[in-house]
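Hi,

Here is the structure I promised to pass on. Have a look at it first, and then read my notes below.

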Amino acid sequence: MSHLILSLSIVFLLFRASFSDAIRPDLSCVGRPHANVTLTAYYPDFMSEDESDYLDSRGKKLRTLQEFLDGRASFVTVAMDEVFRLKYGSVVCIPELNEHFGKMIPLQVRDHGPNLIGKGYSRLDICVRSEADSYDTAVNRMVTLYTTV
């Protein structure tokens, strides 16, 4: 009987820890939510002759998720449909990314691409370090996007 009580206590503590980690208010987002957004990854191609393959829409260096996680960038570049004309540098938020990495991931809309035309708020591309990083399921999934516009 004592083994059963001990086992149930352990299960309860594990459930409680998992549940409390899943609802961290410090990782939540504010603004207008857009549900069922397809998040995909792209990466700078420095071997390309086309500067748009490694620079953002204003010719500035793309900032990758890994650079931010390593403390080498203050934000992460994301790309969206340019038809919405979100101001360059507009901040957006994805709570699923914040929860996955255990910290706020500051995303700034600084890029666009032909694959995003007509997608509106249903698609967002996040810049990652390499092709290998672009296959990570954390950056290839359905998410909720929060905008302040």
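Let me start with a question: is D125 buried or exposed? D125 is buried, because its relative accessible area is 5%, and the cut-off for buried is under 20%. Bear in mind throughout that this is a predicted model.

**Salt bridges**

D125 has a charged partner, R123, and the closest N and O atoms of this salt bridge are 3.0 Å apart. R123 counts as buried too, since its relative accessibility is 17%. In general, side chains of opposite charge can pair when their charged atoms come close.

How many salt bridges does a search of the whole structure find? The search turns up 4, and the D125 pair is one of them.

Another joins R129 and D133, whose side chains meet at 2.9 Å, N to O.

D70 counts as partly exposed, as its relative accessibility is 48%. R72 has 52% relative accessibility, so it counts as exposed; the cut-off for exposed is over 50%.

**The nonpolar core**

Now for the inside. The largest nonpolar core has 22 residues, and the ones touching the most other members are I94, L97, L107, L124, I126 and L145. Two or more residues come from each of β1, α2, β2 (76–79), β4 (107–111), β5 (123–127) and β6 (141–147). Of these elements, β1 gives the most to the core, with 3 residues.

**On the surface**

There is also a patch of negative charge on the surface, where D45, D50, E51 and D53 gather. To find E51, go to the loop between β1 (32–42) and α2 (65–69).

T148 counts as exposed because its relative accessibility is 61%.

Write back with any questions once you have had a look.

Cheers

Definitions and conventions: Residues numbered from 1 in each chain as written. Predicted model: local features only at pLDDT ≥ 70, side-chain atom pairs only at ≥ 80, totals over all residues. Heavy atoms only, no water. Patch = residues over 30% accessible without salt bridge, like charges linked within 9 Å, V, L, I, M, F, W, Y side chains within 5 Å. Areas by Shrake-Rupley, 256 points an atom, 1.4 Å probe, with all protein chains shown as cover. Lys, Arg positive; Asp, Glu negative; His and termini not counted. Charge placed at Lys NZ, Arg CZ, Asp CG, Glu CD. Helix = DSSP H or I, 4+ residues; strand = E, 2+ residues; numbered from the N terminus. Buried < 20%, exposed > 50% of the residue type's maximum accessible area, 1.4 Å probe, protein only. Core = buried A, V, L, I, M, F, W, Y, C linked by side-chain atoms within 4.5 Å.
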